[in-house]
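Let's take a friendly walk through a protein model, one region after another. Have the picture open beside you as you read.

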Amino acid sequence: MDQALSFWQRLALAFIAFFYALSDRRFAGAVDVWREERRAHPDRPPASLGPSAPKPPAEAAKPSTPPPAARPAAPAKAAEPPKPAAPAKAAEPPKAPEPVKPVEAPKPPPRPDGEEALHLLTLLQRDGRLVDFCSEELAGFSDAEIGAAARTVHAGCKRAIETYFRLEPIYREAEGASVTVAPGFDAAQVRLTGNVVGSPPFKGALRHHGWRALSVKLPTAPPAGREVVAPAEVEL
Amino acid sequence: MKLAKYAVGIDLGTTNTALSFLPLGEEGAAPEVFGVPQLVHPGEVQPRPLLPSFLYRPHPTEFAKGALALPWDPEAADVVGELARGRGAETPVRLVSSAKSWLSHPGIDRRAAALPVGSPEEVPRISPLDASARTLGHLRAAWDAEVAKGDPALALANQEVTLTVPASFDAVARELTVEAARQAGLLELTLLEEPQAALYAWVEAMGDGWRKQVKPGDLILVCDVGGGTTDFSLIAVADRDGALALERVAVGDHILLGGDNMDLALAYALQRKLAEAGRQLDRWQLQALTHGARAAKEALFGAPALAASPVTVPGRGSSLMGGAIRTELTREELEGTLVDGFFPRVPASAKPASQRRTALTTLGLPYAADAAVTRHLADFLTRHRESLGEASAPGLKLAGRAFLHPTAILFNGGVMKARELAGRVVEVVSGWVEEEGGAAPRVLPGGDLDLAVAKGAAAYGRVRRGKGIRIRGGTARAYYVGFELAMPAVPGMAPPVEALCVAPMGMEEGTRADLPARELGLVVGEPARFRFFASSTRRQDQVGTVVEREAELEELAPIETTLPAGSGAAGQVVPVRLRAHVTEIGTLELEAVEQGGEAWKVEFNLREQVGA
């Protein structure tokens with residue numbers, strides 16, 4: 001997939017990358033690290049690939065379990081055994097900082113992509129039957145029946161979220177209150193809508209207080225069967 | 001022991017176990033609860049304030065390799081705690097539960113591998129003693145891994161450990177509890193009655209203010225309804241030389257009745273309702289219904305305005321809505337089943353339906369035949385009124401003609417968290433007392449009713465070092481040895497038995513009873529076995545008192561001793577007397593003393609089944 005970029009696509013990418021390297025210090029630094037790494041190990045593709053685009057908020061979420069050494073922002077590691085949560089959406093005309101991809105890895109250690117995401121899905125299914133709920137066809141069920149099932153899902157998912165995440169609202173004010181967005185605000189934390197003109201500080205009404213994670217405590221995924229979202233049950 | 005850094009309290013419960021600790025070096029430090037790391041799902045270890053007292057023995061193929069690993073034992077093969085309880089609900093043949101109730105069951109050999117009862121043969125068996133030791137062993141390993149981290153000075157075995165037992169545990173069950181703790185590596189520890197621990201927790205939480213809350217003449221009823229058992233105690237407040245003193249004056253019987261019965265009763269009520277509508281439930285669904293009923297109960301108890309709470313049993317297959325069963329728990333059903341079913345308004349003269357004979361249900365636990373907690377309570381207060389006179393409890397003025405009048409109630413146990421249930425107990429007891437012209441008892445404000453016993457036990461560790469008030473009381477029972485009277489054999493008639501008191505009630509820790517006048521002849525080199533009895537109401541009996549009708553007593557496991565050959569020629573009859581000794585840790589020991597003063601230990605014999 002990676003090699004499929006045409007000459008024109010690569011030219012456009014190089015053009016965009018030029019300006020990114022000039023304007024975005026982090027992007028430039030990451031490319032530099034990547035180049036150094038490639039120089040040191042010419043035979044091996046670097047594990048880490050450039051910036052994970054706009055970084056999440058500073059105090060963000062650090063998994064307590066050892067995170068997979070480093071994950072590409074938009075992973076596109078080809079052909080690996082079971083890949084249920086296929087992320088990979090490559091080979092489109094380059095949009096954002098999509099730096100040069102390494103040549104096909106010979107045999108990377110087998111590890112499903114999006115392993116932690118998959119594990120979280122497993123937990124939500126186990127505690128709150130979320131996958132069952134979303135996979136079921138709603139037609140034919142009354143609102144009361146759906147509501148009753150939603151209670152099960154709500155109770156379980158609530159417990160799972162409370163167990164594994166510590167979340168807090170980004171804004172403490174009540175929704176509907178008037179708030180001020182200071183200059184230099186983080187666009188990842190505050191989304192402006194409506195009459196977005198002028199320059200900060202902005203005054204506006206808080207429509208959604210937002211959520212951010214203070215901590216994540218996902219349990220370690222089991223060593224085997226990581227692709228299993230819910231085991232089959234057989235009663236003897 | 002002297003160097004212990006922490007006072008540790010362990011509440012080894014029928015359904016849940018908790019550990020609390022406080023640093024001994026800090027003045028006035030409050031007890032903290034240890035979050036016990038345990039498997040909550042395969043491969044997931046989380047700390048929880050309660051360790052469910054369940055042991056699950058998985059099939060070798062049941063879990064993936066490493067899914068049962070604990071931080072301190074990567075090769076663990078059995079499961080203790082939340083995962084054990086969860087799995088066991090779906091696969092009951094592999095679950096060992098209520099080990100503590102089995103440990104106090106006089107009808108079985110508690111050292112014999114018998115649990116789980118009635119499971120297929122290939123499931124490995126474990127004795128009630130070993131199962132209890134496993135739970136305690138998990139606590140010790142978890143503490144040593146989390147707190148001590150290899151420092152022997154901080155290891156649990158080297159702390160001032162207090163282990164709680166129900167007040168209703170007799171000498172044999174207490175002895176076995178200590179044996180289980182030793183097996184788990186806790187060699188030095190002290191036993192404490194659970195209701196006393198609850199009161200210590202209250203005193204600890206009140207600080208010095210507790211002295212203002214009670215006055216001499218008060219009689220505190222500790223009403224402890226936990227997951228599996230109900231336990232009553234009465235603690236009197238007395239004036240001893242101008243200072244307030246607390247004296248435990250009565251303990252109740254071992255009643256196997258608790259919150260689990262109540263949740264099950266609610267589930268059955270809902271199941272009946274569903275059956276009327278033509279829905280049949282399998283075991284998994286009944287289990288889910290029990291969970292749902294418990295959640296609905298908590299919702300209704302938590303919000304008095306709510307008239308009903310929905311209960312959903314989700315579809316078991318991947319179709320969540322298709323297979324779902326919906327119902328609701330209404331407030332009338334909740335009150336009819338729980339409040340009126342388990343806490344009915346009964347007169348003070350009520351007696352619980354008589355207990356089934358254990359001999360007939362040897363393979364099952366002797367669950368209470370009567371589910372009404374209030375009837376058991378009425379019986380408890382009435383029985384002890386008869387025996388608690390001025391003669392047997394000097395200095396105490398206890399009110400009540402037909403039954404004892406509690407002036408204050410301290411609740412304990414998860415069940416009593418429900419205000420409706422606690423309120424009903426207060427209402428019923430107040431009704432009884434007011435009928436005799438007394439004043440209604442007040443409620444002593446409690447803390448966290450699930451954890452109070454563990455916290456109180458930790459506080460007791462400090463009390464033992466002389467800081468704070470100590471509840472006195474001594475042993476809660478008098479103990480007797482039975483003699484068969486020599487008389488001509490009559491077919492169909494067991495020879496009459498006389499019981500000789502060897503240990504009066506109220507023996508303090510570290511004391512010895514007097515030598516009874518009566519001598520027994522023991523044959524050197526041959527085991528001698530005696531029937532052994534106890535009573536929690538016969539206060540006046542002193543060492544040497546003879547009870548002619550042993551039916552008034554409760555029979556325990558027999559006792560046995562063998563005089564070694566060195567004490568005389570084999571076959572020779574040596575006259576001995578039995579002497580009781582209450583150890584510092586709170587267990588009862590018996591020894592056979594010969595005239596020269598030499599003594600041999602007398603063991604509790606569990607192999608012989610009582611009444612079988």
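**A hairpin and its partners**

Strand β27(B) and strand β28 (residues 588-594) of chain B run antiparallel and are joined by seven bridges. Before going on, note that this is a predicted model, in which local features need pLDDT of at least 70 and side-chain atom pairs count only at pLDDT 80 or more, while totals for chains, interfaces and linings use all residues. Residues are numbered from 1 along each chain as its sequence is written, and chains are lettered from A and ligands numbered from 1 in the order in which they are written.

Strands (E, at least two residues) and helices (H or I, at least four) are DSSP runs, numbered from the N terminus. Two strands pair if DSSP finds at least two bridges between them. In general, strands of a sheet pair through backbone hydrogen bonds, either parallel or antiparallel.

Back to the hairpin: β27(B) and β28(B) have five residues between them, and Gly586(B) in that turn has a positive phi of about 105 degrees. Val576(B) stands opposite Glu594(B) in β28(B). Val576(B) in β27(B) also stands opposite Leu520(B). This second pairing belongs to strand β23 (residues 520-523) of chain B, which runs antiparallel to β27(B) with four bridges. Strand β22 (residues 511-512) of chain B pairs with β27 (residues 573-582) of chain B too, in the antiparallel sense over two bridges; here Arg512(B) stands opposite His581(B).

**A six-stranded sheet**

Now look for an open sheet in chain B, where six strands follow the order β18-β17-β12-β13-β14-β19 with mixed pairing. Which strands form the edges? They are β18 (442-443) and β19 (471-472) of chain B, each pairing on one side only. Strand β17 (residues 408-412) of chain B pairs with β18(B) in the parallel sense over two bridges, and Ala408(B) has Arg442(B) in β18(B) as its bridge partner.

Directions are compared through axes, which are lines fitted to C-alpha atoms (for helices over the stretch in contact), with angles from 0 to 180 degrees between N-to-C directions. Helix α11 (residues 419-435) of chain B lies across β12, β17 and β18 of chain B, at about 155 degrees to β17(B).

Asp241(B) is found between β13 and β14 of chain B, and its phi is near 55 degrees, a positive value in a residue other than glycine. Is Asp241(B) buried or exposed? With 5 C-beta neighbours inside 10 Å, Asp241(B) counts as exposed. The cut-offs are 20 or more other C-beta atoms within 10 Å for buried, 12 or fewer for exposed, and anything in between for partly exposed, with C-beta atoms placed from the backbone. Lys149(B) lies in the loop between α3 and β10 (160-165) of chain B and is exposed, with 9 other C-beta atoms within 10 Å.

**Two helices that cross**

Two packed helices are described by the angle between their axes and the distance between the axes. Helix α7 (residues 259-276) and helix α8 (residues 283-302) of chain B pack at about 110 degrees, with axes 8 Å apart. That makes α7(B) roughly perpendicular to α8(B), a label for angles of 65 to 115 degrees; under 35 is roughly parallel, over 145 roughly antiparallel, and the rest oblique. Among the residues that meet are Leu266(B) and Leu270(B) in α7(B) and Leu289(B) and Ala293(B) in α8(B).

A nonpolar core is a set of buried Ala, Val, Leu, Ile, Met, Phe, Trp, Tyr and Cys residues joined through C-beta atoms within 7 Å. The largest has 173 residues, of which Leu19(B), Leu199(B), Tyr480(B) and Val502(B) touch the most other members. A second, separate core of ten residues includes Leu130(A) and Tyr164(A).

Finally, find two cis peptide bonds. One joins Pro200(A) and Pro201(A), with omega about 0 degrees; another joins Leu115(B) and Pro116(B), with omega about -5 degrees.

Technical notes: Two residues are in contact if their C-beta atoms, placed from the backbone, lie within 7 Å.
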